[in-house]
Amino acid sequence: MYPNLKLQLWRSGIRQNRLAQLIGIHETLLSKIVNGFRQPDAQVRARIAAVLKSDEGWLFAAENVGMEINPARSEQPGAAPKG
């Protein structure tokens, strides 16, 4: 999955079906890309990044399972502080 791509779609207010039209691919293909079931080729990645006015590398950074979103706040609620 590409969470940054989903985030940028939301921020831009562009729906997936509209983005698919703008870049010239089918809606189902774009949905599969956004949800991590298909890898976009370089040309599609570049077109998506251009339409969303975003850095291609950031948009297509794959989700890393188990990674902290904010490492500074990694303690669990109610857990003893580290150190």
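A polar contact is a pair of N or O atoms within 3.5 Å; within protein, one atom must be able to donate a hydrogen and the other to accept it, and residues adjacent in sequence count only if both atoms are side-chain atoms. The model is predicted, so local features need pLDDT of at least 70 and side-chain atom pairs count only at pLDDT 80 or more, while totals for chains, interfaces and linings use all residues. Residues are numbered from 1 along each chain as its sequence is written, and side-chain values use heavy atoms, with hydrogens and water left out.

**Exercise 1.** Determine with which side chain T28 makes a polar contact.

*Solution.* 
Step 1. Find the partner: the side chain of H26 lies at 2.9 Å in a polar contact with the side chain of T28.

**Exercise 2.** Identify the residue with which R45 forms a salt bridge.

*Solution.* 
Step 1. Apply the criterion: a side-chain nitrogen of Lys or Arg within 4 Å of a carboxyl oxygen of Asp or Glu. The count by this rule is one salt bridge.
Step 2. The partner of R45 is E56, and their closest N and O atoms are 3.2 Å apart.
Step 3. R45 lies in helix α4 (residues 42-52) and E56 in helix α5 (residues 56-59), so the pair ties together parts that are eleven residues apart in sequence.
Step 4. R45 is partly exposed at 22%, and E56 is partly exposed at 27%.

**Exercise 3.** Describe the packing of helix α2 and α4 by its angle and axis distance.

*Solution.* 
Step 1. Helix α2 (residues 16-23) packs with α4 at an angle of about 115°, their axes being 10 Å apart (axes are lines fitted to C-alpha atoms, for helices over the stretch in contact; angles run from 0 to 180 degrees between N-to-C directions).
Step 2. From α2, the contact is made by L19, L22 and I23; from α4, by V44, R47, I48, V51 and L52.

Notes
Helices (H or I, at least four residues) and strands (E, at least two) are DSSP runs, numbered from the N terminus. Buried means under 20% relative accessible area, exposed over 50%, partly exposed in between (1.4 Å probe, protein chains only). Contact means heavy atoms within 4.5 Å.
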